[in-house]
Amino acid sequence: MAMVGLFWIAQGDVYVGAKPSGLAPGVRLTPEGVVALGDGQSGLRLWEDVRALTVTDVPVKSLLRKIGAVRNLAVGTVMNLAVPMVTGPTEETPPLMTLRVASAGGDLDLLAYSAAAVGYPPAEVDLSRALLSRLTEGAATMSTTLAAMSEWGRTWEGGTPRAAEREKLLREWVG
């Protein structure tokens, strides 16, 4: 499993945002189309019907976001030490992103949790948006691009690559 830009790639499966578990919302990109997952959203939009994919509400990495994450960790640690009966720091849910799927049948807004704890680097956000746009350029482009992402996920060993490698991959996939 690895995060590359706004995508979570796990053994050949490609998700926008974090891979959902349980009833959590999520979005999977398959060779057939865009699949909505989780409680309150379901269905499949076939690629032949998808005209545009745009993502909003993306948490962008910033110094303030990093400071907030460190502060929350410190407060949770202090609370855990001061009140040992508490089972642990209260977990905040990650920010939700919105993927708008524009199609002939109308627009559909799908939710997915962010996979980046302190936000995504701005360059990766821009490249990911370009990649989502590329996926809607036609069947051949979508098929080869998604196949390249899936193949990378099947062969990659280890966690999330470093920033330079993620950007390089996104640039390759954008073409």
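Ala 104 touches Asp 49 and Arg 51, once its neighbours within four places in sequence are set aside. The model is predicted. Start at this residue and work outwards.

Ala 104 sits in the loop between E8 and E9. Is it buried or exposed? Ala 104 has 68% relative accessibility, so it counts as exposed, since the exposed class begins over 50%. Glu 48 lies 56 residues away from Ala 104 along the chain.

E8 and E9 make a hairpin, with two residues between them. They pair in the antiparallel sense, over eight bridges. Within this pairing, Leu 99 stands opposite Leu 110 in E9.

E8 covers residues 96-103 and has a pairing with E7 too. That pairing is antiparallel and runs over six bridges. Here Leu 53 faces Val 101 in E8.

The three strands form an open sheet in the order E7-E8-E9, with antiparallel pairing. Which strands stand at the edges? They are E7, residues 50-56, and E9, residues 106-113. Each has a single partner strand, so one side of each is left without a neighbour in the sheet. Neighbouring strands of the sheet are turned by 20° against each other on average, direction ignored.

Definitions and conventions:
Residues numbered from 1 in each chain as written. Predicted model: local features only at pLDDT ≥ 70, side-chain atom pairs only at ≥ 80, totals over all residues. Heavy atoms only, no water. Pairing = 2+ DSSP bridges. Helix = DSSP H or I, 4+ residues; strand = E, 2+ residues; numbered from the N terminus. Axes fitted to C-alpha atoms, helices over the stretch in contact; angles between N-to-C directions. Buried < 20%, exposed > 50% of the residue type's maximum accessible area, 1.4 Å probe, protein only. Contact = heavy atoms within 4.5 Å.
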